[in-house]
Amino acid sequence: MNHHEVAVTGLGVMAPHGDEPGALFQALLQGRSAIQPVFPELPKPAAAATVAFDETRWFTKLQLAGVDRVSQLAVAAADLAMRDAGIQAGDADPERIGVFAGCGMGGAAALEAAYRGNGRVSPLTIPAFMPNAPAAHVAMRQGVQGPVLTYSVACASSSAAIAEAAKAVQRGEVDIAIAGGSEALIVPGVVLAWQAMQTLATFQPGEAAGAVRPFATDRSGFVLGEGAAFLVLESAERARRRGARSYATLAGWGLSSDATHLTKPDAPGQARALRAALRQAGLKPRDVGYCNAHGTATRIGDVVERNALADVWGDDLDALRVSSTKALHGHMLGAAGALEALITVLALHNRQLPPNANCGEIDPACSLDLVTQDNTDAPALEAAISNSFAFGGTNSVLLFRRA
């Protein structure tokens, strides 16, 4: 069977740092945090990274009925990705385009409104909150008639979606894949539920921006973020034919399951995904110069991820530079894998690495070569990975190479 090389030709984002990939990347390089306090009415202090989103750029008043924020963000990010790829309606057979979207929790705002509506529930609540609504809205907006699929595996959702999209492109099942994800959970009920799990960062008044400290001795957890990110994937050959810019190639991916515990991560499971991605790309650990870590800044998670990397990289671990950008944009759950994949692609493209922010003192149990603010250049970078390790035990690793 003819296997195609998979090129990334379009990037689109609606993130806490804005909707322009270049500006987002610059903000991360400068270590600018988008995390701020939310919902002062809640009993415990809460913080989140939210998107300044003007839905009127994408929707009329009439179109907005029954479209949750999670779908609005997806439509915008996917549209920007297609524009960035230079693909217009009619450029490809609609039956040969696919949407592969990740979403962890669906339309949280619609559900919250229904619970708090004092008996008044919108008849469009169900279609607004179903987790496949974002993918469906993207398909309608882009006229996509090929496979339109939603992957819901918590924090690995959109990373897995991108891997599945790459398979479809590689096998020639679609010519163009719009792959990514969206999440919009910043509503009081969801924040309360995450606080109850005790995985969210604690912080003092005025210190929300620096609350997430991946791999640091004093880390206390993550902060929720919202947003959407999509990549346009197509065969390298098709991209060349139409003279498209290729940001990077998606050379390998690895999916594995811990099969041990619903919420406690497992280093051997993560290592299996890492090895699978390397194997598929035909690379050795030392060939990969950067890892955008899952790095949720939880007490257990960061150590487990470090141990998985150490297991696979062995003596070459010192040559791998690592950072978790969640310190700056929050944990976007179902959209995290897509946003972090986009950041990893830009790191390769620019040969610059976003720093691992807010880490004053590295936890000795997390000893890694963390990217610092004053050392972001990576002039020889040829390959990079993005890790997404989820509740439920699903692990997804994407490996990108320079175009």
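A nonpolar core is a set of buried Ala, Val, Leu, Ile, Met, Phe, Trp, Tyr and Cys residues joined through side-chain atoms within 4.5 Å; buried means under 20% relative accessible area, exposed over 50% and partly exposed in between (1.4 Å probe, protein chains only). The model is predicted, so local features need pLDDT of at least 70 and side-chain atom pairs count only at pLDDT 80 or more, while totals for chains, interfaces and linings use all residues. Residues are numbered from 1 along each chain as its sequence is written, and side-chain values use heavy atoms, with hydrogens and water left out.

**Cores**

The largest nonpolar core has 62 residues, of which Ile 162, Leu 231, Leu 233, Leu 250 and Phe 400 touch the most other members. Helix H12 (residues 336–350) gives the most to this core, with 10 residues. Another core lies apart from it and has 34 residues, including Phe 59, Ala 85, Ala 101 and Ala 184. Helices (H or I, at least four residues) and strands (E, at least two) are DSSP runs, numbered from the N terminus.

Asn 395 lies in strand E14 (residues 394–402), and Asn 387 in strand E13 (residues 383–389). Asn 395 counts as buried because its relative accessibility is 0%; Asn 387 is likewise buried, with a relative accessible area of 0%. The table gives their polar contacts (pairs of N or O atoms within 3.5 Å; within protein, one must be able to donate a hydrogen and the other to accept it, and residues adjacent in sequence count only if both atoms are side-chain atoms).

| Side chain | Partner | Distance |
|---|---|---|
| Asn 395 | Asp 258, side chain | 2.8 Å |
| Asn 387 | Glu 305, side chain | 3.0 Å |

Contact means heavy atoms within 4.5 Å. Not counting residues up to four places away in sequence, Asn 395 touches Gly 254, Leu 255, Ser 388 and Phe 389, among others. With that exclusion, the residues touched by Asn 387 include Cys 291, His 294, Glu 340 and Ser 396.

**Helices**

Helix H2 (residues 69–84) and helix H5 (residues 133–142) pack at an angle of about 45 degrees, with their axes 8 Å apart. Axes are lines fitted to C-alpha atoms, for helices over the stretch in contact, and angles run from 0 to 180 degrees between N-to-C directions. H2 and H5 are therefore oblique to each other (under 35 degrees counts as roughly parallel, over 145 as roughly antiparallel, 65 to 115 as roughly perpendicular and the rest as oblique). Residues meeting across the pair include Ala 74 and Met 82 in H2, and His 137 and Arg 141 in H5.
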